[in-house]
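These notebook entries record what I looked up in one structure.

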Amino acid sequence: MDKRGADQSAGADALLAVLELLAGQGAPDRFEALVDEARLAGLDGAGLGRLERAVALARSLHDERATDRARAARSGASLAVLTDTARDLTLSYDLDGLLRIVTRRARRLLGLDMAYVTLRGPQGACYIRVTEGSRTGGDTGETTGPGLSVGLRIGAGNCLGGVVQRTGEPIWTPDYPADERFTSGEAPDPAAALDDAEVVDPGDEAVRAEGLRAILAVPLRSGDSVIGALFGADRRVREHTPQEIALLGALAALAVEKAGLLDRTRAELLELERDSARVRTSLARMRHVSEAHGRIMNLVLAGGDLPHVAKAAGDALDATVMVRDPGGRRLAACGDFPGLDEEAVAKASLDAHALRRPVLAADSVWVAPVIAGSEDLGGLVVRVEGGLTDEDERLLELVAQSVALLLLMQRSTAVAEGPVRDELLDDLIADPPHAPQQSARRARRLGVDLRKPHVLVVARPEGGEQGRAVVWASSYAYRLSGLKTVQGGCVVLLLPGVDASAAASAVSEELTPLLGHPVSVAAAGPGGSPDAVGPLYAEALRCLDAMSALGGTGSAAAVSDLGFLGMLLSDDHDVDGFVENAIGPVLDYDAERLTDLTRTLEAYFASGGSPTNAAEALHVHPNTVSRRLERIGELLGPAWQKPGQVLEVQLALRLQRTREVLGRRRAATSPARLPAGPLD
C-alpha cells in the first residue's frame, strides 16, 4: 500500500476513534490525546486537519451534552424546590414566617447568596422585614455590623429599591456597585431627597458590608399598589436570565397572594370567633331569660303574691322593681327608689302604654306597661345600673305579662269569692251580729284574721256609678286580704291595719282617678275582734254623714281626723285621746319640767287672748307670757291659734280641768280617806 493509502487508513482509524470516544462519553482530555497520537503516527496534512476538525466538533457535542445534563440536574433540583415551596405554602404561617419561606426558597431556586424582603411602613417608608443569607447576622434582626438587617430603613431615592417602589417593575443589575444607573445620591423629588439624606440605601454601606454585586428585585403588589419588594443578590458578578426574573416574580406574587389569603382567613376566623362568642352569649342570655320567666310564671301559677313576683323579677334583672297600679300608686316593690323623678316616670308610662314596650324614663330607670288586651292594669318601674340588653328588655316584657296575669287571676278569684266575702261582711256589720265565733272561723277560711287589728272604710261614689267601684273593691280587698260588701249605695271595706285615716286616704287616692268623679271616704278603727266590726261600721257612717254636713263631700277622713266632733261621734267617746291629740305635748312638757304652760294657756284664753292681761292674772312679766306662748307654738305647731284648732285646744283645756276637779273630789270622798269614828 502506498503512503497515501496508508495516511487515509490512519486518518479513518483516528476519526473512528473520535466517534467511539464521543459515544463512550470520554473525558475531554482524551480528544486531545487522539490528535497527539495521530500526529506521532505520522498523520499530517489534510488528514490531520480533518481529525482536528472532528475533535473540535466532538468536544463541542460533549460540552453541549454536559450542559444538558447539568441543566436537567438543575431542573430536577428546581422542581424539588418548587414542590417543597408549594407544600410549605399550604401550611399556616404568620406573615414573617411566610416571608422567611419565600426568601429561603428563592435562594435555593436561583442559587443566590442572599435574599431579603422590604415592606412599606405606615408612613410610606420601606423597611427590611426578612433576610436570608446575611453575613452580618441581619437574619435575626440582631446585627453585628452595618449590613442589611431586619428593620433597616430603605430610602426612596435612585437606589435599586427606590426604583422598584416607583416603577413597580422588576429591575436587576449584574454589578450593583459599578452600575451607574443607581446612586445613593439624589432622590426623584425634594422630599425624598431629604428623606434619603438621613438613611442608608442598599447601594451604600449596607451593600458593601454584605459584599453584594448582582442584585435582582421584583415588586410585591397588592392590587395596584406596590407594598414592598423581593430581592435576590449574589456576591459575584452575575447575569440574570429572563426565566430567573420570571421565577422570582412568581415567588413574589405567590407570597403576596398567600399573605392576602392568610390575612383574609385570619380576619374571617376572627369574625367567626366574634360571631360565635356573640351567639354563645346570646344563647346564654336567652336561656337565662327563659329560665327566669319560667320561675316567675311558676310563682304566679302557684299563687304567689305581687311582692314575691317583684322580688323574683328584681333578682332575675339584677334591678330594683316596683309594681304600680293605673293611678301610679305603689302595689309592691323590692328595694327602694330614692330620688325618683315622678314626672319623667309618668311621661314614660304614657309612652310605654302607647308603644306597648318598655321605655327609658330617666338615667337607669325604665317603665314597662302592664296591660291585658286594651286594658291598662298598671306598670313596672325598674331601676337597673348599666342599662338593659335586648335580652333584659325581653325579660322585662315577660315579667310585665306575668304581673298582668297575676292581677287578672286575683281579680277572677276576688269575683269568684265575692258573694261569700260579701255575705261574711254583711253578717259582721249586721245588728245584732251573727254568731261571732262562727264568723271568725269563716273569715279564717277566706284568709282573713279578725283577731288582728283592722279598720273599716266606707266609700260613697258621688257620681252615682257603682259598677266599676264594686269590681275595683273586690280586687282591692282580695289584694290586701280584707273583705268587701255593698250597703246603701256605699262600698264597705274591712281591711287589716291600725291607721284608719291612712286607709281612707289610700282608698280615695286609688278609687277617685278610676271613676273620674269625687268619692267620699270615711273610716273608723282600729278594732281587734269580730264583735268590733259592727260598731266600727256605725261609727264610719256617722263620720261620713258629718263630712257631708260640714261640706266635705269628695274628701277622705277618719273619726280621729274630726277632732272634738269625732269624739262626739265615736261610740267610746275617747276623751283621753282627744285631750292627748289637742294639748298632750303641753301637758307632757309641764309634767317633765314643772312649768306652767297649761295654766298660761288658760289665763291667755280667759283674758281674751291678751298676753298683758294674762301676765297680770299670773303675776308675771308680759315677756314671760310671750316666751311661754312661743314655746306652746313650738309644741302644738304654728296653726294652734287658728279658729279650728284653737277651739279644740280650749275644749281640751276645759275637759282636762274638769277631769282634775272630778279626780280630786273622788279622792276626797274615798272611804280610805274618811276619818275614823268611835268604836262601838
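Entry 1. I note that the model is predicted. I then looked up Gly223, which sits in the loop joining strand 5 (214-222) and strand 6 (225-234). Its relative accessibility is 63%, so Gly223 counts as exposed. I also took the C-alpha separation of Gly223 and Val256, which is 10.0 Å for residues 33 apart along the chain.

Entry 2. Setting aside neighbours within four places in sequence, I listed the contacts of Asp234 as Gly111, Leu112, Asp113, Gly211, Leu212, Arg213, Ala214 and His240.

**Entry 3. Aromatic pairs.** How many aromatic pairs are there? I found two. Tyr116 and Phe231 are stacked, with 4.6 Å from centre to centre and 5° between the planes. This pair links distant parts of the chain, since Tyr116 is in strand 1 (residues 114-120) and Phe231 is in strand 6, 115 residues apart. I recorded Tyr116 as buried because its relative accessible area is 0%. Phe231, at 1% relative accessibility, is buried as well.

Trp472 and Tyr476 are also stacked, at 4.6 Å centre to centre and with 20° between the planes. Why are Trp472 and Tyr476 separated by about one helical turn? They are four residues apart in helix 13 (residues 467-479), and therefore about one turn separates them. I noted that Trp472 and Tyr476 are both buried.

**Entry 4. The nonpolar cores.** I turned to the largest nonpolar core, which has 32 residues. Those touching the most other members are Val370, Leu380, Val382, Leu396 and Val403. Two or more residues each come from helix 8, helix 9 (306-317), strand 7 (320-324), strand 8 (330-334), strand 10 (365-372), strand 11 (375-383) and helix 11 (390-429). Helix 11 supplies the largest share of this core, nine residues.

I looked at Leu380 in detail, not counting residues up to four places away in sequence. Its contacts include Val321, Met322 and Val323. Among the others are Trp366, Val367, Ala368 and Val370, along with Leu396, Val399, Ala400 and Val403. I also recorded a second, separate core of 24 residues, which includes Leu456, Val492, Tyr537 and Leu544.

Entry 5. I examined Val289, which lies in helix 8. At 8% relative accessibility, Val289 falls under the 20% limit and so counts as buried. Apart from residues up to four places away in sequence, Val289 touches Glu391, Leu395 and Leu398. Val289 and Ala316 are 8.1 Å apart, C-alpha to C-alpha, and 27 residues apart in sequence.

Helix 8 (residues 242-301) also holds Leu283. With a relative accessible area of 47%, Leu283 is partly exposed. I found that Leu283 forms a nonpolar surface patch with Val279 and Met286, and that the three together have about 290 Å² of accessible area.

Methods. Residues are numbered from 1 along each chain as its sequence is written. This is a predicted model: local features need pLDDT of at least 70, side-chain atom pairs count only at pLDDT 80 or more; totals for chains, interfaces and linings use all residues. Side-chain values use heavy atoms; hydrogens and water are left out. Patches are made of residues with over 30% relative accessible area and no salt bridge: like charges are joined within 9 Å, nonpolar side chains (Val, Leu, Ile, Met, Phe, Trp, Tyr) within 5 Å. Accessible areas come from the Shrake-Rupley method with a 1.4 Å probe; for residues, only the protein chains shown count as cover. A salt bridge is a side-chain nitrogen of Lys or Arg within 4 Å of a carboxyl oxygen of Asp or Glu. Buried means under 20% relative accessible area, exposed over 50%, partly exposed in between (1.4 Å probe, protein chains only). A nonpolar core is a set of buried Ala, Val, Leu, Ile, Met, Phe, Trp, Tyr and Cys residues joined through side-chain atoms within 4.5 Å. Contact means heavy atoms within 4.5 Å. Rings of Phe, Tyr and Trp (its six-membered ring) pair if their centres lie within 6.5 Å; planes under 30 degrees apart count as stacked, over 60 as edge-to-face and the rest as tilted.
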